[in-house]
Amino acid sequence: MSEDTARLELPNGPYDVDLLESTVGLPGLDIRKLRAESRVITFDPGFANTAIAKSSITYVDGAAGELRHRGYSIEEIAKNSSFLELAYLLLYGALPNAVELSEWENDISHHMMLNEEMRSFFDAFPRRAHPMAVLSSATNAISTFYDVYRRPTRKKEIDAGARTLIAKLPTIAAWAYKKSIGEPYMYPNDEYSYVESFLHMMFSRPTQEKRIDPAIVKALNVLLILHADHEMNCSTATVRSVGSSRANMFTSVAAGMGALWGPLHGGANQAVIEMLQAIHDDPDATIASTLERAKDKNDEFRLMGFGHRVYTNYDPRAKILASYAEDVLAATAGSDPLLDIARDLEAAALEDDYFVERKLFPNVDFYSGVIFRALGFPQRMFTVLFTIGRLPGWIAHWMEMNTDPDTRIMRPRQIYIGEPARAYVPLDQR
Ligand code: SDX
């Protein structure tokens, strides 16, 4: 047996499996022929131990608490880059030069307007509709205005589809918000940058232009950067799964939005604030009682914003956000009692055996909500902001999957534990 193979000792004899090497991180057992050649399959709910593809977009070292996009650390990107520059890096694998970046930024910020016929689409939703439901529906809806993107086959069409989605999602998000508060929709402004236009559409009114604070623009750029991509997380795996049937980019991304909305995934940022607010408002709730509830197996309550499938160390994004929260609050609301509660919860959990033994640390969602709040966003928009951030990551994975010769339609197996074959029983004999 050579060093790049592994041997499985199976009931019907040994079976040798090739090892797939990685640039960094763990090698993989190539089990593509396992079922056909050995008559066994593997069991791995949630793909916790299973690579669904080879990828060169993002690498997470969960034990070290490191995150890199195309080899660049998240700390350096958050400090030096912009969200649109990172989007370009994720999609095309290299940092753009000055000309490429300028063309990319102008192309996107000048295509943020929606087709005017989309107005009636938003009007059809009730005001109480959660913006994530509107976002995923509208993402499918805008593809009907661009038939060429429905079945993109050429790179030019795929690039155009990516630019259209990145350009128009903030407008969809802002219009969903304006609809929910009964205010008129605002249009993007070609004189503004991408993030400035988004803030303008969110917080300006026809009667009053919102002053765009550069500190807020910088903060939102950093927040979107921190959400841009994260390997094969639940929503990215969903985008890849839907796209593996040759479904178009728009509908694949819309499916990813549904996965992200779940409170165990991107919906956690809204759930964290609801948890902190509940502790703040309940005179009987304490840090200790909250941790006890999180540890109680008979209580479905979990410490939202804590724990991660990959990180067994501090999520580097949470580390950046934890330090950033003070700066943003200083430039905005000044202080927030929920941040104080979050810090007390973190300190107590990191000294509690239950969390220490399970290596549960704050994740990206633990502090992001406090910052989104300080920037003036309502809670129901928090997962929407995560979606705008994650969009380039989803598109990059959809593009990578569609050019990967190993790609096959996603169709997992199962271990059947139901009834063996049995004869139908006529109604009068039951
Ligand atoms: C994101 O995958 C990504 O990369 C996601 C993401 C991205 O950028 O795309 O990073 C974004 O989704 C971050 C996660 C946001 N979700 C939350 O904050 C929700 C709270 N966290 C958990 O529900 C949980 O930690 C998960 C969902 C994040 C991870 O779940 P796993 O990997 O399936 O772990 P598990 O549920 O099997 O937990 C292992 C143990 C269990 O206890 P035991 O059975 O061993 O006794 O840890 C416990 C769990 O009960 N546990 C928690 C806990 N998280 C795990 N107990 C209390 N509170 C928690 N938050």
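Which residues do ring pairs link into a cluster? Ring pairs join Phe121, Phe122, Phe125, Trp175, Tyr185 and Tyr187. The structure is a predicted model, in which local features need pLDDT of at least 70 and side-chain atom pairs count only at pLDDT 80 or more, while totals for chains, interfaces and linings use all residues. Residues are numbered from 1 along each chain as its sequence is written, and side-chain values use heavy atoms, with hydrogens and water left out.

Rings of Phe, Tyr and Trp (its six-membered ring) pair if their centres lie within 6.5 Å; planes under 30 degrees apart are stacked, over 60 edge-to-face, and the rest tilted. The count by this rule is 19 aromatic pairs. One of them is formed by Tyr354 and Phe355, with 5.0 Å centre to centre and 70 degrees between the planes, an edge-to-face arrangement. Tyr354 and Phe355 are both buried (under 20% relative accessible area, with exposed over 50% and partly exposed in between; 1.4 Å probe, protein chains only).

Two packed helices are described by the angle between their axes and the distance between the axes. Helices (H or I, at least four residues) and strands (E, at least two) are DSSP runs, numbered from the N terminus. Axes are lines fitted to C-alpha atoms, for helices over the stretch in contact, and angles run from 0 to 180 degrees between N-to-C directions.

Helix H15 (residues 316-331) packs against helix H18 (residues 364-374) at about 20 degrees, with the axes 8 Å apart. H15 and H18 are therefore roughly parallel (under 35 degrees; over 145 is roughly antiparallel, 65 to 115 roughly perpendicular, the rest oblique). On the H15 side, the contact (heavy atoms within 4.5 Å) includes Leu321, Tyr324 and Val328; on the H18 side, it includes Tyr367 and Ile371. By class, this contact of H15 with H18 has 12 nonpolar, 1 polar and 1 charged residues. Ala, Val, Leu, Ile, Met, Phe, Trp, Tyr, Cys and Pro count as nonpolar, Asp, Glu, Lys and Arg as charged, and the others, Gly among them, as polar.

The axes of helix H13 (residues 268-281) and helix H16 (residues 337-349) come within 9 Å and cross at roughly 100 degrees. H13 and H16 are therefore roughly perpendicular. The contact of H13 with H16 has 9 nonpolar, 2 polar and no charged residues.

Most residues other than glycine have a negative phi. Arg39 has a positive phi, near 60 degrees. Arg39 sits in the loop between helix H1 (34-38) and strand E4 (58-61), and is exposed at 62% relative accessibility. Phi of Lys359 is also positive, near 55 degrees. Lys359 lies in the loop between helix H17 (353-357) and H18, and is partly exposed at 43%.
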